[in-house]
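Here is a note for a colleague who is meeting this structure for the first time. Please read the points below beside the sequence and the model.

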Amino acid sequence: MPWTTPILTLRICNIGFRKLAKGEITYKYREVKPFRTSRLLNEKGEPKYFEEIHIKNGYQPNSPVAIYEFWGVIGEEVHEGKLCYKIKLGKLKEIKNFKE
């Protein structure tokens, strides 16, 4: 079985992606729901490890994508009136397919 780098992929809107590209966003928030919990936490309720976070603006293969180091799931926090997981973005490694 080939070894693969654990990658967390998140989707973002165009306006949010532009803010991300400018360095205005250091955390991403995802609402606490069963699917998101299964993606971010292990069976013991501890945060999973990812090597990178890929934040995409769209679903096409050529959609803009920002690649960050993963600095962890910080915990839960109310964001825009909803209980969310707070995900810390690390160092920006690369932005692909994006023109300002």
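**Notes on the predicted model**

1. Leaving aside residues up to four places away in sequence, Lys28 is in contact (heavy atoms within 4.5 Å) with Leu10, Ile12, Ile55, Tyr85, Lys86, Ile87 and Leu89. This is a predicted model, in which local features need pLDDT of at least 70 and side-chain atom pairs count only at pLDDT 80 or more, while totals for chains, interfaces and linings use all residues. Residues are numbered from 1 along each chain as its sequence is written, and side-chain values use heavy atoms, with hydrogens and water left out.

2. Lys28 belongs to strand S2, residues 27-31, where a strand is a DSSP run of E with at least two residues, numbered from the N terminus.

3. Strands S4 (residues 65-79) and S3 (residues 52-56) run antiparallel and are joined by five bridges, and His54 stands opposite Ile67 in S4. Pairing requires at least two DSSP bridges between the strands.

4. S4 is also joined, by 11 bridges, to the antiparallel strand S5, residues 82-96, in which Leu92 is the bridge partner of Tyr68. In the hairpin of S4 and S5, with two residues between the strands, Glu80 has a positive phi near 50°.

Terms used
Helices (H or I, at least four residues) and strands (E, at least two) are DSSP runs, numbered from the N terminus.
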